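Me: Could you walk me through this structure, one feature at a time? I have not looked at it before.

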Amino acid sequence: MRTKKYMIAVLAIGIGSILFSSCTKRDHYQTQPTGYQNVFDEEFNNDALGWSFTNSADSSYADVASGTYEIVNYSKLRSHNETVSTGANFNYDFQVQTSIQTNYEMALIFGASNTDNGYSFFIDNSGYYALYYEGSNTIGFSTIIDWTASSAIKINGFNNLEIDQVGNLWVGYINNTQVFKIKAYGVNGSQCGFMAMPGTTGYADYLTVKW
């Protein structure tokens, strides 16, 4: 379990690569940056992509209704993630944006495939964020940025998350505030979505990918 409260000792692979982790505010938030030729936009007005599921054995489910994606994980031990193919090419500059609300710990997942779990940009409801590589069929998860406090996070409200690849850098934003800038990692898939940790009820308002 990868929470700040119950963390099992894991070697953080990204500590030395963090170039800048303090918070800086954008002067102009670009909702449509120049240079991107393609857009995947999920507004959760229907479930055409198959986001919904029910897993009674694992006490988890998800549903799309009224422009919102709800994911509920009542499990005490297991996290749950749900991703869809976006068709994006993550080999070059890209941008992934969402708005989520969680009562505990929830993540934006990006760069996943059928054999690779991709990367998770987490926030919790006590003002912390984290970044993980979620591993693959043969490799376990690893920490890139351990749980870090940020005043940019809104408690008990929706938070806008954004991850940009610009050249060889990843830049992360929460509510229009830059919270990290690190060296980019390799991405093996185009799937994006969400992860809910045990005991989490979370909501997503939209998911947008640009490349």
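Me: Let me begin with a pairing. Which residue in E14 is the bridge partner of Leu 161?

Reply: It is Ile 174. Please keep in mind that this is a predicted model.

Me: What do E13 and E14 form, and how many residues lie between them?

Reply: They form a hairpin with two residues between them. Look at Gly 167 in that turn, where phi is positive, at about 65 degrees.

Me: How should I think about side chains along a strand?

Reply: As a general idea, side chains in a regular strand alternate between the two faces of the sheet. Now for this case: in strand E14 (residues 169-174), five of the six residues are buried, so the strand is largely enclosed by the rest of the structure.

Me: Which residues have the most contacts inside the largest nonpolar core?

Reply: They are Tyr 69, Trp 170 and Phe 194, in a core of 43 residues. There is also a second, separate core of nine residues, including Ile 109, Tyr 132, Trp 147 and Met 195.

Me: Is Phe 40 buried or exposed?

Reply: The idea is to compare its relative accessibility with a cut-off: buried means under 20%. Phe 40 has 11%, so it counts as buried. You will find Phe 40 in strand E3 (residues 39-42).

Me: What does Phe 40 touch, leaving out residues up to four places away in sequence?

Reply: Its contacts include Leu 49, Val 84, Thr 86, Leu 207 and Trp 211. Phe 40 and Leu 207 are 167 residues apart along the chain, yet their C-alpha atoms are separated by 8.0 Å.

Me: And for the protein overall, how many helices and strands are there?

Reply: There are zero helices and 17 strands. Of the 211 residues, 54% are buried. Among contacts between residues at least 6 apart in sequence, 64% join residues at least 24 apart.

How values were computed. Residues are numbered from 1 along each chain as its sequence is written. This is a predicted model: local features need pLDDT of at least 70, side-chain atom pairs count only at pLDDT 80 or more; totals for chains, interfaces and linings use all residues. Side-chain values use heavy atoms; hydrogens and water are left out. Helices (H or I, at least four residues) and strands (E, at least two) are DSSP runs, numbered from the N terminus. Buried means under 20% relative accessible area, exposed over 50%, partly exposed in between (1.4 Å probe, protein chains only). Contact means heavy atoms within 4.5 Å. A nonpolar core is a set of buried Ala, Val, Leu, Ile, Met, Phe, Trp, Tyr and Cys residues joined through side-chain atoms within 4.5 Å. Two strands pair if DSSP finds at least two bridges between them.
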